[in-house]
Amino acid sequence: MAGTVRESAVRDGAVSAVLDLASAQKTLDAQPFSRLVQARITEFGHGAATLEIDIREELLQQHGFVHGGVLSYAADNTLTFAAATALGPAIVTGGFSIQYLRPAVGRTLRARAEVVQAGRRQAVCRCDLTVIGAEGEERVCAVAQGTVLPLNGPAGGNGEG
């Protein structure tokens, strides 16, 4: 399905610039908070994106779990990067919801998002957040869904929006 989303977005003129993994990481690095948490994009393209953060003490809350704000950050950014594969780079989060399922404890936080549906005016994406343990096992700790909007209306449009 992700390939279908990408192809239809290109056909409809929704993508104004082709992005790749290197340019996605450069965009992420331009965000001061992303640098603070040391986030990295490990997969990008074809309607999906993956973001990873090594878990360290500064990212924990008082019970030793990854702070919910870090999980929300990861979901928000990953949803938006996935949407960029369909809408192009000039986008913003319209809104998202997150459900915390279990405490995030492990060595790496991984957020994987994919486009569920994309049109000219928005993309709806979903994201699974997992923690990778010491033995490489992955456990889902949260799920999110969000809507991403073109920054200045539909790409290729007149800038109204």
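Let's start with strand E2, residues 48-54: five of its seven residues are buried, so the rest of the structure largely encloses it. Buried here means under 20% relative accessible area, exposed over 50%, and partly exposed in between, with a 1.4 Å probe and protein chains only. Strands are DSSP runs of E with at least two residues, helices are H or I runs of at least four, and both are numbered from the N terminus.

A word on the source: this is a predicted model, where local features need pLDDT of at least 70, side-chain atom pairs count only at pLDDT 80 or more, and totals for chains, interfaces and linings use all residues. Residues are numbered from 1 along each chain as its sequence is written, and side-chain values use heavy atoms, leaving out hydrogens and water.

Now, who are E2's partners? Strand E1, residues 40-45, pairs with E2 in the antiparallel sense over five bridges, where pairing takes at least two DSSP bridges. Phe-44 has Ala-49 in E2 as its bridge partner. E4, residues 108-118, also runs antiparallel to E2, joined by seven bridges, and there Arg-110 stands opposite Glu-52.

Let's move to the aromatics. The whole structure holds two aromatic pairs, meaning Phe, Tyr or Trp rings (six-membered ring for Trp) with centres within 6.5 Å; planes under 30 degrees apart are stacked, over 60 edge-to-face, and the rest tilted. Phe-33 and Tyr-73 have centres 5.3 Å apart and planes at 70°, so they are edge-to-face. Phe-44 and Phe-81 are also edge-to-face, at 6.3 Å and 85°. Because Phe-44 lies in E1 and Phe-81 in helix H4, that pair ties together parts 37 residues apart in sequence.
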